[in-house]
Amino acid sequence: MDKKTGVYICHCGLGGSTETEEILKKLPKGSIVKDSQYLCDITEQELLIKDINEKDLEQVVVACFASDVHRSIFKKVGDEVGFLPNLIKIEESDDVVEKIIAALDDLKPIKPEETEVDVNPSVLVIGAGIVGEQASLDIGDAGYKVYLVERRPNIGGHMAQLDKTFPTLDCASCIGTPKMVATGQHPNIELLTCSEVIEVSGHAGEFKVKVLRHPRYVDENECTGCGICVDNCPAVVASEFNLGVGPRKAIYIPFAQAIPLAAIRDPEHCLSCRMCEYVCDKKAIRFDQEEEIIEFEVGSILVTTGFELFNCDLRPELGYDKYDRVINALELERLCAPTGPTAGEILIHGKPPKNIVFVQCVGSRDKNVGNEYCSRVCCMYATKQCNLVREKVPDAKFTICYTDIRAFGKGHEEFYNRMQDEGVIYLRGIVSEVYRGENGMMKVRVENTLMVEPVELEADLVVLSAGLVAPADTPQLANMLNLDVGDDKFLAEAHVNIRPMETRVKGIYMAGCAQGPKDISDSVAQTSGAAAKATIPISFGKVKIGPEDEVKVVKETTATAAPIEKEVTG
Amino acid sequence: MPYPFAVPRTYTINPELCLRFQEGEGDCSKCKDACPEGAVDFEQTEEEQELKIGAIVVATGYDEFDASLKPELRYDLYDNVITGVEFEKKLLEAEKTGKIEINGKEPKDVIFIQCVGSRDKNVGNEYCSRVCCMYTAKQATMVKDLIPDSNVTVCYIDVRAYGRGYEQFYENAQKKGVRYWRGNPAEVYKDDGKLVVRAENTLLGDPKEISADLVVLATGMTSKSDARELGNLLKVPQSGDRFFLEAHPKLGPVNTASDGVYIAGTCQGPKDIADTLAQASGAVMKALIPLCQGKVFIEPITSVVDEEICSGCHMCEKICVYDAPTFDEEKGVMTINSIVCKGCGSCGATCPSGAISMNHFRDQQLFAQINMLSS
């Protein structure tokens with residue numbers, strides 16, 4: 001340690017003061033150690049620059065509470081003096097003096113090595129649920145090109161599977177379909193379905209992207225979605241879109257409003273009878289279609305890969321895999337939907353259910369399954385589903401077994417109060433077990449924690465309010481994009497409060513449930529925010545990048561998914 | 001200056017307190033004489049500026065709920081019953097001094113009361129304020145850290161730890177010894193000089209009286225007191241909770257009934273910092289779209305005036321909330337500004353001479369629909 005050093009300790013988040021003498025002893029003559037408050041303030045920074053110039057400091061150390069978000073703030077200092085301060089992150093449990101002294105031994109000079117590069121005026125959006133659609137529409141509306149990549153054969157994501165949305169009870173199709181149609185028709189949006197991003201390299205302003213297009217075996221441009229091939233296909237399998245509640249064919253259109261409205265052939269179940277090819281007037285069937293890799297460049301990337309539903313089999317005591325009277329919430333949603341496989345008729349063993357018990361926090365707030373977090377939507381969707389079922393079965397009784405009711409969004413508390421007034425019973429207690437009673441009905445064992453008594457509820461339908469989990473291949477995606485994953489397995493943001501849509505890589509942003517569970521309103525607001533982040537460098541035309549902003553290709557392709565719909569029950 | 005790192009970093013004079021501005025108090029100018037830059041200017045007056053802009057983002061935030069509207073909690077009466085925001089300031093001081101002091105003493109029994117002014121129809125706020133559970137968990141944890149032998153109790157209805165990392169934080173508070181007591185207090189009073197909080201523990205079905213030296217009220221968020229005036233100015237309506245109403249909760253969470261006016265943050269409803277920032281950037285995106293395009297598209301359905309029939313009576317001008325009709329002095333008839341017109345039809349229904357109709361949606365079409373339905 002022979003360089004004249006300035007050490008600045010910012011106390012706004014730490015409180016107290018530091019034994020500056022201890023640190024000064026370790027430094028060569030002419031060095032200074034200063035306690036300060038609000039180092040991010042412009043006047044303080046001017047003083048810092050003055051110190052450096054007047055005292056000929058050769059390096060500067062800044063110790064503060066939130067160093068990870070403050071790097072850019074000290075760029076002004078770097079511009080003035082030719083080097084950047086070394087930032088040391090202090091945490092509450094740290095001994096400040098000890099930590100600074102330890103860091104002094106291993107200081108490397110940081111030069112402001114930023115270069116300005118041109119920004120390619122286009123954006124890659126990964127995942128085309130409501131969040132990916134909204135971001136694409138915003139960016140497209142601003143006049144920039146969007147590549148919207150979706151693994152499934154159609155866009156729309158989970159929202160397309162819902163019947164109605166809380167708390168306004170808007171029909172999900174009525175508000176979702178116009179977005180899908182607008183996305184499909186937008187002149188600036190290039191829609192790539194049945195596709196996966198397999199490689200990304202480069203940096204903000206210029207990312208090189210490789211996308212693998214799986215064969216649809218149908219020419220998307222020729223197919224009119226008339227469905228004659230579907231009618232004539234002899235092979236029948238369970239429909240993924242309807243979560244197995246209804247059938248589909250081996251050549252199929254996932255649902256009536258699918259965008260793009262084109263059939264897809266599932267080679268795994270196809271009997272290769274070629275009936276579809278024979279009946280298609282447009283000659284749109286392409287048995288010889290093959291995988292293809294397309295490459296393009298974009299200026300920013302937006303990750304909107306959403307969530308998977310918690311796999312209820314991981315809570316075996318709830319009997320999801322054993323009893324057909326136990327279903328998950330998304331399955332109930334398909335049963336309620338007028339466009340669903342039962343045309344909205346809810347029949348359990350041929351009869352409308354009269355006694356329905358909802359089990360909350362299945363796969364959420366539960367360390368045993370590894371998910372400590374709250375899924376944010378289940379309290380409200382269960383409340384909503386009581387309303388949906390009651391519309392079809394007016395004399396049904398509802399009990400929701402909960403831990404805390406988290407009705408925190410706009411209009412949520414009002415909706416929760418309304419459903420209580422209308423007779424939905426909220427029973428505070430976690431369900432320990434679901435089993436079959438002698439009469440064939442389900443028995444739900446739960447402790448009513450408000451009455452301090454264990455009770456057994458009889459139910460002809462048990463609905464598991466399954467939580468939201470990160471898509472299974474999030475680690476591979478994070479690896480490919482050089483992103484971090486949080487303890488909850490969702491993608492990690494740059495800072496949970498201050499930079500909720502940015503990632504550790506400049507130029508890569510995220511929104512919606514990819515970053516953690518949230519409802520549609522919060523997701524849609526956030527995705528427009530992320531779209532703004534992605535658009536800003538493009539409308540500037542230039543972006544500054546440093547050596548650490550490069551995305552390195554980690555390994556070869558990670559493509560694993562088949563071209564058919566992946567199951568959504570997770 | 002309101003606080004040390006205020007932006008802009010400028011001092012301001014409060015004329016209500018400054019002696020110079022009080023009648024008959026002479027002409028003190030000590031600050032002016034002392035300022036080496038000569039920056040103090042007593043002559044400054046209000047001025048109006050006119051700006052031409054392409055979009056407006058409303059980010060006016062919230063007001064804190066006035067705890068004195070819950071008289072049973074005795075916020076007005078006892079100085080050791082304070083609000084969460086007041087306690088936050090105490091904690092800020094404690095960061096520097098290492099000590100929390102209430103009336104010169106370190107509190108040993110601290111009770112936090114949740115949902116003060118939230119989830120409460122009696123005060124007209126049915127909604128949840130979304131942040132109080134977590135700010136209380138934070139404050140309770142800090143009390144435990146600063147005063148390890150204190151008894152810290154949080155009285156709650158539901159703990160709404162929904163955001164990223166919140167559940168872990170809530171659990172951590174419990175691990176540090178913060179006691180969560182399900183049941184919101186009915187009353188705070190004093191007995192023998194000590195505060196007593198009367199609360200039923202709904203988990204044990206047990207009414208209890210707990211004594212405390214400090215009661216912190218987790219006051220909720222309410223809409224700004226002048227939200228109505230701003231709303232009228234911008235033509236942005238309020239929802240039942242008095243926060244600004246978005247165009248649609250899912251299709252347009254940052255849009256409003258007025259094109260080009262967007263809302264973000266707690267002026268639209270309570271939310272935490274992360275959600276606020278996400279929404280703020282969302283509003284920015286919506287404002288950017290027309291700016292990037294250089295053009296806006298207007299709705300095709302707007303009203304038109306038949307100049308042959310219009311008598312220029314101004315009835316339409318009075319009914320229109322968007323200020324679309326204006327009087328054409330030259331022709332003596334009303335004209336509609338089709339850029340601000342929303343095509344709501346109020347003017348058409350009001351016009352006594354039937355001179356106003358909607359483009360692409362004329363009376364004949366409407367009557368045909370009614371006939372169809374009623375036949």
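Chain B contains nine helices and 16 strands, where helices (H or I, at least four residues) and strands (E, at least two) are DSSP runs numbered from the N terminus. The model is predicted, so local features need pLDDT of at least 70 and side-chain atom pairs count only at pLDDT 80 or more, while totals for chains, interfaces and linings use all residues. Residues are numbered from 1 along each chain as its sequence is written, chains are lettered from A and ligands numbered from 1 in the order in which they are written, and side-chain values use heavy atoms, without hydrogens and water.

The C-alpha trace of chain B spans about 85 × 70 × 40 Å along its principal axes. Of the contacts in chain B (heavy atoms within 4.5 Å) with a separation of 6 or more, 60% join residues 24 or more positions apart. Buried residues form 42% of chain B.

C312(A) is in none, and the nearest cysteine sulfur, that of C378(A), is 10 Å away. Two cysteines of chain A are listed by accessibility; buried means under 20% relative accessible area, exposed over 50%, and partly exposed in between (1.4 Å probe, protein chains only).

| Residue | Relative accessible area | Class |
|---|---|---|
| C174(A) | 52% | exposed |
| C312(A) | 3% | buried |

How values were computed:
Disulfide = S-S within 2.5 Å.
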